[in-house]
Amino acid sequence: QVLDYIAHILSDMHLELGDFAGAENFLKTAISCHGEDLKKMDSVLTGSSRTVLHTDFVKLQIELADCYLKSFKIEKAHSILEKLTTFKFSMHTQKSVIESLVKSCLKKGWFEDGKTYLGSLRSLASNTKDMIIFWKLSAKNFNNAKEYMTAIYCIDKAILLTSIESFSELGKLYLLRGNFLHSILLHPNEIAFPCLLEPETFIKKFDFDGSEEDFGNENVVHF
């Protein structure tokens with residue numbers, strides 16, 4: 001556990017400096033000490049039975065995948081995260097894995113895969129913060145697919161759910177909205193004017209007014 005903690009601190013320091021290789025090396029060194037868990041991860045390839053992974057090992061794997069995403073080694077990140085989905089974790093860890101999978105799809109431009117994981121992310125949502133993340137990532141996914149009106153619709157949902165006192169988060173969301181509007185100016189032929197902010201069918205089934213009773217209506221996706 002001490003080595004895991006040291007690897008976490010040092011990898012974070014190297015990531016802040018933009019030294020992705022250094023961060024990767026520290027994380028891999030710590031991961032290599034989890035022999036039994038590595039065998040369980042390898043068993044995913046052979047179809048062997050799998051049990052629970054150690055929490056610290058899972059955190060290291062997620063951090064390594066995040067490091068790969070930041071250094072644009074998307075396939076490596078995606079591979080780790082997809083393996084993790086075959087194991088059962090706490091709700092919090094499931095959200096982290098699925099959220100990272102959505103981000104990897106965004107970086108690769110995998111629109112349909114992104115929608116699949118977004119559906120799982122919505123099923124796991126248990127509070128307003130989760131829904132803000134869902135709408136924001138959905139907006140990015142639709143923007144990448146040049147479905148700009150749906151993207152703006154989604155980012156507006158995220159803005160409406162964000163506290164007016166969260167100046168930093170609101171600023172980031174409005175910046176995204178501005179970027180989506182700029183995308184429309186760059187690709188005017190993608191939209192038939194006049195038009196409405198009408199979401200596509202995929203988004204309609206996740207629409208709600210933001211009240212607490214809206215959470216947990218779908219079955220939770222278990223890995």
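Start by selecting Ile-6: this residue is partly exposed, with a relative accessible area of 40% (buried means under 20%, exposed over 50%, partly exposed in between, using a 1.4 Å probe and protein chains only). You'll find Ile-6 in helix H1, residues 2-16 (helices are DSSP runs of H or I with at least four residues, numbered from the N terminus).

Quick note before moving on: this is a predicted model, where local features need pLDDT of at least 70, side-chain atom pairs count only at pLDDT 80 or more, and totals for chains, interfaces and linings use all residues. Residues are numbered from 1 along each chain as its sequence is written, and side-chain values use heavy atoms, leaving out hydrogens and water.

Next, pick Lys-95 and Asp-130. They form a salt bridge, with the closest N and O atoms 2.6 Å apart (that is, a side-chain nitrogen of Lys or Arg within 4 Å of a carboxyl oxygen of Asp or Glu). This pair links distant parts of the chain, 35 residues apart: Lys-95 sits in helix H6 (residues 91-108) and Asp-130 in helix H8. Both Lys-95 and Asp-130 are buried.

Now jump to Lys-39 and Glu-36, whose side chains meet in a salt bridge of 3.8 Å, N to O. About one helical turn separates them, because they are 3 residues apart in helix H3 (residues 35-46). Lys-39 counts as exposed at 56% relative accessibility, and Glu-36 does too, at 54%.

Last stop: Phe-72, in the loop between helix H4 (55-70) and helix H5 (74-84). What is the phi of Phe-72? Positive, about 60°, although Phe-72 is not a glycine. Most residues other than glycine have a negative phi.

Methods. Helix = DSSP H or I, 4+ residues; strand = E, 2+ residues; numbered from the N terminus.
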